[in-house]
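Me: Hi! I am new to reading protein structures. Could you walk me through some side-chain features, one at a time?

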Amino acid sequence: MIESYGALWEWTQDLAPPFALDGRSLADFLDFVGRETGRTVAYRSPQAGQLAKSTLLRGNVEMDPVHALEAILQTTDLVSETRDGAILVALRK
């Protein structure tokens, strides 16, 4: 069985269209990253999910989805961990 994520698919991330951040929620952006990387997004707590929905983003990021995720989460109270086929999102400690 071929997974929907991983080294075999990394080249496709370079083809991902840029995500227009301005006025969109962090949850929308996380869904985009999940789609473009073939992973599901899971929140470690209801609070993390709510924060992602209520956090509005500004500006633009011109990089592949994985690097954009790292850059954007650094400006929030959330962190992520990629494990198997999921992007796990939690509150920053």
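Reply: Happy to! Let's begin with charged side chains: R83 and E81 join in a salt bridge, with 2.6 Å from N to O. Keep in mind that this is a predicted model.

Me: How many salt bridges does the structure hold?

Reply: There are three salt bridges. E81 also meets the side chain of R44 in a salt bridge, at 3.1 Å from N to O. R44 sits in the loop between β1 (40–43) and α3 (46–54) while E81 belongs to strand β2, so this pair ties together parts that are 37 residues apart in sequence.

Me: Which residues are linked in a network of salt bridges?

Reply: That network links R44, E81 and R83.

Me: How do I read whether these residues are buried, exposed or in between?

Reply: Look at the relative accessible area: under 20% is buried, over 50% is exposed, and partly exposed lies in between. R44 has 49%, so R44 is partly exposed. E81, with 32%, is partly exposed, and R83 is partly exposed with 42%.

Me: And where is the other salt bridge?

Reply: R24 and D28 meet through their side chains, with 3.4 Å from N to O. R24 is partly exposed at 35% relative accessibility, and D28 is partly exposed at 30%.

Me: Now for aromatic rings. How do I read a pair of them?

Reply: Check the distance between ring centres and the angle between the planes; planes under 30 degrees apart count as stacked, over 60 as edge-to-face, and the rest as tilted. Searching the whole structure gives one aromatic pair. The ring centres of F29 and F32 are 6.2 Å apart and their planes are at 35°, so this pair is tilted.

Me: Why are F29 and F32 separated by about one helical turn?

Reply: Because they are three residues apart in helix α2 (residues 26–37).

Me: Are F29 and F32 buried or exposed?

Reply: Both F29 and F32 are buried.

Me: Let's finish with a residue in a loop. Where is T76 found?

Reply: T76 is in the loop between α4 (65–73) and β2 (78–83). Its relative accessibility is 10%, so T76 counts as buried.

Me: What does the side chain of T76 reach at 3.1 Å?

Reply: The T76 side chain reaches the backbone nitrogen of L78.

Me: Which residues is T76 in contact with, leaving aside neighbours within four places in sequence?

Reply: With those neighbours left aside, T76 is in contact with L26, T55 and R92.

Conventions:
Residues numbered from 1 in each chain as written. Predicted model: local features only at pLDDT ≥ 70, side-chain atom pairs only at ≥ 80, totals over all residues. Heavy atoms only, no water. Phe/Tyr/Trp six-rings, centres within 6.5 Å; stacked < 30°, edge-to-face > 60°. Helix = DSSP H or I, 4+ residues; strand = E, 2+ residues; numbered from the N terminus. Buried < 20%, exposed > 50% of the residue type's maximum accessible area, 1.4 Å probe, protein only. Polar contact = N/O pair within 3.5 Å; in protein donor to acceptor, adjacent residues only side chain to side chain. Contact = heavy atoms within 4.5 Å. Salt bridge = Lys/Arg side-chain N within 4 Å of Asp/Glu carboxyl O.
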